[in-house]
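Here is a short tour of one protein model. Keep the sequence and the 3D view side by side as you read.

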Amino acid sequence: MPDRFTRVLIAETLFYDEEYGALGHLSLIDAEARRERYLASFMPEDGSFIVEEATDWETDYAPEEDDEIGYALATGSDEYSHYDTPEEAAEAVRVLAREHDLVPSFTLLFEDGAV
């Protein structure tokens, strides 16, 4: 039951709202290194779901006590995999999180020009 719950919750975060140009973006964070490790989101261009592995990070990130984000953002990434459904992407994200002891962080993004 917990794995199913987790998969559904992750799949629900990978949404796209065409009217508002809003995208659900999920980062998997390495809490010890304090940086993004994997990124997952919907790709409106082709209707697929992508998981990327971070390869470069902000160079000027310095954690502070009142830091709102709490980790360095990825500035570069490589494609890890593409999926046709949010459930497939969610399972891949769940496995990566468990395998690497990563924690999630959700961000709401807007496409360029969207209000």
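Start at Ser41. Leaving out residues up to four places away in sequence, Ser41 touches Leu14, Gly24, His25, Ser48, Phe49 and Ile50. Keep in mind that this is a predicted model. The points below move from the strands to the helices, then to the pocket and the loops.

- Ser41 belongs to strand β3, which covers residues 35–43.
- Is Ser41 buried or exposed? Its relative accessible area is 11%, so Ser41 is buried. The cut-off for buried is under 20%.
- Gly24, one of the contacts of Ser41, sits in strand β2.
- Gly24 has a relative accessibility of 0%, so it counts as buried.
- Which residues does Gly24 contact, apart from its neighbours within four places in sequence? They are Thr13, Leu14, Phe15, Ala40, Ser41, Phe42, Phe106 and Thr107.
- Gly24 and Leu108 are 84 residues apart in sequence. In space, their C-alpha atoms are 5.1 Å apart.

**Helix α1**

- Helix α1 runs over residues 2–13.
- It has 12 residues and reaches 17 Å from its first C-alpha to its last. That is close to the 16 Å expected at 1.5 Å a residue.
- Ile10, Ala11 and Thr13 are buried in α1. These residues cover an arc of only 155° around the axis, so they lie on the same side of α1.
- What do the buried residues of α1 pack against? They pack against β2, α2 and β6.
- The face turned away from the buried side carries the exposed residues Arg4, Phe5 and Glu12.

**Helix α2**

- Helix α2 runs over residues 86–100.
- Its 15 residues should span 21 Å at 1.5 Å a residue. The end C-alpha atoms are 21 Å apart, which agrees.
- Which residues of α2 are buried? They are Ala89, Ala90, Ala92, Val93, Arg94, Leu96 and Ala97.
- The cover over these buried residues includes α1, β2, β3, β4 and β5.
- His100 also lies in helix α2. At a relative accessible area of 24%, His100 is partly exposed.
- Apart from neighbours within four places in sequence, His100 is in contact with Arg37 and Tyr38.
- His100 and Gly21 are 79 residues apart in sequence and 32 Å apart in space, C-alpha to C-alpha.

**The largest pocket**

- How much space lies in the largest pocket? The volume is about 230 Å³.
- The lining is made of 15 residues. Thr6, Ile10, Arg94, Ala97 and Pro104 lie nearest the centre of the pocket.
- The elements that give two or more residues to this lining are α1, β2, α2 and β6.
- Which element gives the most to the lining? It is α1, with 6 residues.
- By type, the lining divides into 10 nonpolar, 2 polar and 3 charged residues.
- Ile10 is one of the buried residues of α1, and Arg94 and Ala97 are among the buried residues of α2.

**Loops and positive phi angles**

- Most residues other than glycine have a negative phi.
- Arg34 is found in the loop between β2 and β3. Its relative accessibility is 31%, so Arg34 counts as partly exposed.
- Asp101 follows α2, and its phi is positive, near 55°. Asp101 is found in the loop between α2 and β6. Its relative accessibility is 67%, so Asp101 counts as exposed.
- Where does Tyr20 lie? It is in the loop between β1 and β2. Its relative accessibility is 44%, so Tyr20 counts as partly exposed.
- Tyr20 and Phe110 are 90 residues apart in sequence, but their C-alpha atoms are 7.6 Å apart in space.

Conventions. Residues are numbered from 1 along each chain as its sequence is written. This is a predicted model: local features need pLDDT of at least 70, side-chain atom pairs count only at pLDDT 80 or more; totals for chains, interfaces and linings use all residues. Side-chain values use heavy atoms; hydrogens and water are left out. On a 1 Å grid over the protein atoms alone, a cavity is a set of points where a 1.4 Å probe fits but cannot get out, and a pocket is an open set with protein on both sides within 12 Å along at least five of seven lines; lining residues have an atom within 4 Å of a point. Grid points are joined across faces, edges and corners, and a volume is the space filled by probe spheres set on the points. Helices (H or I, at least four residues) and strands (E, at least two) are DSSP runs, numbered from the N terminus. Ala, Val, Leu, Ile, Met, Phe, Trp, Tyr, Cys and Pro count as nonpolar, Asp, Glu, Lys and Arg as charged, and the others, Gly among them, as polar. Buried means under 20% relative accessible area, exposed over 50%, partly exposed in between (1.4 Å probe, protein chains only). The expected span of a helix is 1.5 Å times one less than its number of residues. The arc is that of the directions from the helix axis to the C-beta atoms. Contact means heavy atoms within 4.5 Å.
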